[in-house]
Amino acid sequence: METELKGSFTELRKALFQLNTKDASLLTMAQALLRWHDAHQFCSRSGQPTKKNMAGSKRVCPSSKIIYYPQMAPVVITLVSDGTRCLLARQSSFPKGMYSALAGFCDIGESLEEAVRREVAEEVGLEVERLQYSASQHWPFPNSSLMIACHATVQPGQTEIQVNLKELEAAGWFSHDEVATALRKNNPYTQQQYGTFWLPPKLAIAHQLIKEWVEKPPCSTLPA
């Protein structure tokens, strides 16, 4: 197929650096649906095979009549700032040199605000003072997630980081100039040069969250 189409297959994460918004949305939705159908071929109550409808938007168990719909897991992704700097972190699974905002799954029974406070405290040992909602996005990694992006601030005198090494490989404060420079860097995948510090692709909500902070630090905030 690669020979016939005069191209080559690549990982979806790398493809997101090269796709436009429309194509990326279609591709990630298709990937999410295919993965969901593959993992939900049997009814959890009857154990019988389920059947998908023509559009592929649901699966039905002919035995129990239960209808199954694709699900997304809510994830809070938070850019923490102390007013002049923002906090970025990386997991060991990230490509070399890439840093991003803090992120974590919402627990059952949690509000978004509670999830933000818990995740920030667990991963870097900081107490959120205020937070502001930014935007949301479907994200296909590691499974289908609804990314809920927020800006959060901590008190300037309470910025000492305690990195949870079970969750993160590293975390640190970055100045406005450092982050602005990283935003201007080209795609490290196509250049095959990682450098020392780069950010998620433009299509990722983490990139947009960081760009918002660089261009106009949020000033209208709500108590966390």
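Because the model is predicted, local features are given only at pLDDT of at least 70 and side-chain atom pairs only at pLDDT 80 or more, whereas totals for chains, interfaces and linings use all residues. Residues are numbered from 1 along each chain as its sequence is written, and side-chain values use heavy atoms, without hydrogens or water.

The protein chain falls into domain 1 (10-68) and domain 2 (73-215), with bounds from an automatic or database domain assignment. Their centres, taken over C-alpha atoms, are 28 Å apart, and the contact (heavy atoms within 4.5 Å) involves 15 residues from domain 1 and 14 residues from domain 2.

Between the two domains about 1,200 Å² is buried, 73% of it from carbon and sulfur atoms; this area is the accessible area (1.4 Å probe) that two parts lose on being put together, summed over both. The count of salt bridges between domain 1 and domain 2 is zero, a salt bridge being a side-chain nitrogen of Lys or Arg within 4 Å of a carboxyl oxygen of Asp or Glu. On the side of domain 1 that touches domain 2, the elements giving two or more residues are α2 (12-15) and α3 (21-39), helices being DSSP runs of H or I with at least four residues, and strands runs of E with at least two, numbered from the N terminus. The largest share, seven residues, comes from α3.

The count of aromatic pairs is three, where rings of Phe, Tyr and Trp (its six-membered ring) pair if their centres lie within 6.5 Å, and planes under 30 degrees apart count as stacked, over 60 as edge-to-face and the rest as tilted. One of them, Tyr99 with Phe197, is edge-to-face, at 5.9 Å centre to centre and 80° between the planes.
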